[in-house]
Protein chains: 2
Amino acid sequence: MAEAPFSYQGLDRVIHEKARLGIMTSLVGQRKGLAFADLKRLCGLTDGNLSRHLQVLEEAGLVRIDKSFEGRRPLTKCHLTAEGRQRFLDYVGVLEKVIRDAAEAGGSEAARPSAPKRA
Amino acid sequence: MAEAPFSYQGLDRVIHEKARLGIMTSLVGQRKGLAFADLKRLCGLTDGNLSRHLQVLEEAGLVRIDKSFEGRRPLTKCHLTAEGRQRFLDYVGVLEKVIRDAAEAGGSEAARPSAPKRA
């Protein structure tokens, strides 16, 4: 039954990449979206890196990017799409499974102070 | 103080890669190690992929690989090193933070019901 229980197929590679995981986690609570500059600060990314990763997320349909003006200054705002939100929730569900697996294996004293050893 | 709270610096790239995450999670509960063939099955990897990722983990000092014979058949066994174990625990601690961040952002309805079981 449980073929390859540690293959973690559900760990969507588009989201799993470290910088993009930060971007998705930043955006998930922001129904009104986040400005490029705020996202950059929250994720500790350079302009170039953030642009590149946003493009990957946009092409995958997970993020929507709106460009407008605030007075004369260009303003770029980023939002999760409905699909992005759902896929992020699915992804987080798999992360939880990784943590449970680690804890059950007795490998997560961090998660479980006195972990029982499994035979 | 919390500069770039979503940069997740602690998400060690050597461990974070999906296949290697499966390998590390498989090994963490196996004090006696796992045979190459078992690891392959548990992680759903091909010979070539498993070899390649094990080499990365070995070069990073996280995994030890012992080659011996069982009768005439070569036997390859893989173990976490003490450092590998510690770095995996640290890594899992950061994953837990990602899940907490997602839940706090209200982005983890999926995560909430079964939220972080801390002992």
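Modeller: Copies of a chain are superposed by least squares on the C-alpha atoms of residues with pLDDT of at least 70 in both. This is a predicted model, in which local features need pLDDT of at least 70 and side-chain atom pairs count only at pLDDT 80 or more, while totals for chains, interfaces and linings use all residues. Residues are numbered from 1 along each chain as its sequence is written, and chains are lettered from A and ligands numbered from 1 in the order in which they are written.

Colleague: Which residue of chain A comes closest to the rotation axis?

Modeller: A rotation of 180 degrees, with 0.0 Å of shift along its axis, superposes chain A on chain B with an RMSD of 0.0 Å. That is the relation of a two-fold axis. At 3.6 Å, taken at the C-alpha, the residue of chain A that comes closest to the axis is Leu95(A).

Colleague: In what order do the elements of chain A run from the N terminus on?

Modeller: Chain A has five helices and three strands; these are DSSP runs numbered from the N terminus, helices being H or I of at least four residues and strands E of at least two. From the N terminus on, the order is α-α-β-α-α-β-β-α.

Colleague: Which element gives the most to the side of chain A that touches chain B?

Modeller: The contact takes 40 residues from chain A and 40 residues from chain B. In chain A, helix H1 (13–16), H2, helix H3 (36–43) and helix H5 (82–104) each supply at least two residues of that side. With 10 residues, the element that gives the most is H5(A).

Colleague: How many residues of the side of chain A that touches chain B are charged?

Modeller: Ala, Val, Leu, Ile, Met, Phe, Trp, Tyr, Cys and Pro count as nonpolar, Asp, Glu, Lys and Arg as charged, and the others, Gly among them, as polar. On this side of chain A, 20 residues are nonpolar and 11 polar, and the number of charged ones is nine.

Colleague: How do H2(A) and H4(A) lie to each other, roughly parallel or roughly perpendicular?

Modeller: Helix H2 (residues 18–28) and helix H4 (residues 47–59) of chain A pack at about 75 degrees, with their axes 10 Å apart. Axes are lines fitted to C-alpha atoms, for helices over the stretch in contact, and angles run from 0 to 180 degrees between N-to-C directions. Angles under 35 degrees count as roughly parallel, over 145 as roughly antiparallel, 65 to 115 as roughly perpendicular and the rest as oblique. H2(A) and H4(A) are therefore roughly perpendicular.

Colleague: Which residues of H2(A) make the contact with H4(A)?

Modeller: H4(A) brings Asn49(A), His53(A), Leu54(A), Val56(A) and Leu57(A) to the contact. The residues of this contact divide into five nonpolar, two polar and one charged. From H2(A) come Ala19(A), Arg20(A) and Ile23(A).

Colleague: Within what arc do the buried residues of H3(B) fall?

Modeller: A residue is buried if 20 or more other C-beta atoms, placed from the backbone, lie within 10 Å of its own, exposed if 12 or fewer, and partly exposed in between. In helix H3 (residues 36–43) of chain B, Leu39(B), Leu42(B) and Cys43(B) are buried. They line one face of the helix, because seen down its axis they fall within an arc (that of the directions from the helix axis to the C-beta atoms) of 85 degrees.

Colleague: Which elements of chain B do the buried residues of H3(B) pack against?

Modeller: H3(B) is followed by Gly44(B), whose phi is positive, near 60 degrees. The buried residues of H3(B) pack against helix H2 (18–28), strand S1 (34–35), helix H4 (47–59) and strand S3 (73–80).

Colleague: Which residue of chain A is in contact with Leu11(B)?

Modeller: Leu11(B) lies in the segment before helix H1 (13–16) of chain B and counts as buried, with 20 C-beta neighbours inside 10 Å. Leaving aside neighbours within four places in sequence, its contacts include His16(B), Tyr91(B) and Val94(B) in chain B. From chain A comes Lys18(A).

Colleague: Does Tyr8(A) count as buried or exposed?

Modeller: Tyr8(A) is in the segment before H1 of chain A, and its phi is positive, about 45 degrees, although it is not a glycine. With 20 other C-beta atoms within 10 Å, Tyr8(A) is buried.

Notes. Contact = placed C-beta atoms within 7 Å.
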